[in-house]
Amino acid sequence: MGRDLKLYSELLWQYVLFWPIVMGLYSLFRYYGMDEEVGVTVIGEFSGNKGTIRALQGFVFIGILIGFLYATIDFFFEKYTSDRLSLALDLLFRTTLYFVTTIVVFTLVIKILSKVYNLPLDTSRGWWVQDKAFWAAILYIVLVSFVFSLIKIATEKFGKGVFLKMLLGKYKNPQEEKRIFMFLDLKDSTTIAENLGHFKYSQFIQDCFYDLNEVVPKYDAEIYQYVGDEAVLTWPYKKGLANNNCVDLFFAFQKKKQGKSQYYLDKYGIIPEFKAGLHGGILMVTEVGVIKKEIAYHGDVINTSARIQAECNKHHVLLLISEKLLHDLQIGAHLSSKFLGSVLLKGKQEKVNIHTIHKVQTL
């Protein structure tokens, strides 16, 4: 419930901020200086500066309603249909609902304006079919929606905040950042792949990462990349430490899978289990590629995180964390850590102290 509320509130503030602004701009493009245009007759209430202000108010109100309703539509689609419909069907249904919603909103606002300002506006059924001003607004909304969708796709691709930084060229030159990395890998992946076959195994991984994506936003994590059956997650250092985000995400992911254990057993005959390695520190981040741009992280932090995760099987645990990162965390009473010793990780010259963290069993 909390996750749903967070998703809806996030969509709501984005849409209710975005659409009033773009519809307000449309009113200025459409009506500013209209009484001065040759061959244009404007009703007195909507002429001059007073008319511009009233048109602005009307379109901002339209933007608020559209933002609220579009956010509600997208919330239900992302929650209930995102993993069930093809992209084409999803786009078709959403576009149809957007169109119907827009007609309803415009009809409602026109009726309000006609009563408030006593204007002879057409509010009869089907008024919009022959209304050129309405279709001009629809074309504008479609173009703006396309731009908005591109921004959303880019933000989802590169992560929150990263797209804006790329847009501003921050990563054109390598930058130093302090981050936490988690390497999350499917346990016994080779055996599972052999038993399921390549097609069903791909579906299995797809379901696992879908569940992971349900958990990630709640703990302020960014998904750096997927590599086969492995996901690499990252946090800015302070965000990863806050509320034990970097550790609690792992246990939240476990809980998510346990809650769907019957689904996995019925479909695949196995419940997925993941192992993870955590480490943090200073590394370099930069933009790489020309044809396909990506953000790349370079440094010992990534290598150490990956090699800590590789020690999980040896110590028969699911979560390992470096001592350096553990000391910076303030793990709550619901968690307990255990020192497993110093290990010389492959490719390292100095030993790294590692600990495991597990949940405290409560009665």
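1. Tyr26, Phe59, Phe99, Phe106, Trp127, Trp128, Phe134, Trp135 and Tyr140 make up one aromatic cluster. Rings of Phe, Tyr and Trp (its six-membered ring) pair if their centres lie within 6.5 Å; planes under 30 degrees apart are stacked, over 60 edge-to-face, and the rest tilted. The model is predicted: local features need pLDDT of at least 70 and side-chain atom pairs 80 or more, while totals for chains, interfaces and linings use all residues. Residues are numbered from 1 along each chain as its sequence is written, and side-chain values use heavy atoms, without hydrogens and water.

2. The structure has 29 aromatic pairs. Trp127 and Phe134 are edge-to-face, because their ring centres are 5.2 Å apart and their planes are at 75°. Trp127 is buried at 7% relative accessible area, and Phe134 is buried at 2% (buried means under 20%, exposed over 50%, partly exposed in between, with a 1.4 Å probe and protein chains only).

3. Phe253 and Phe274 form a tilted pair, because the centres are 5.2 Å apart and the planes at 55°. Phe253 lies in helix H9 (residues 245-259) and Phe274 in strand S4 (residues 274-288), so the pair ties together parts 21 residues apart in sequence. Helices (H or I, at least four residues) and strands (E, at least two) are DSSP runs, numbered from the N terminus. Both Phe253 and Phe274 are buried.

4. Lys257 lies over the face of Phe253, 5.0 Å from the ring centre. A charge sits over a ring if NZ of Lys or CZ of Arg is within 6 Å of the ring centre and within 35 degrees of the ring normal.
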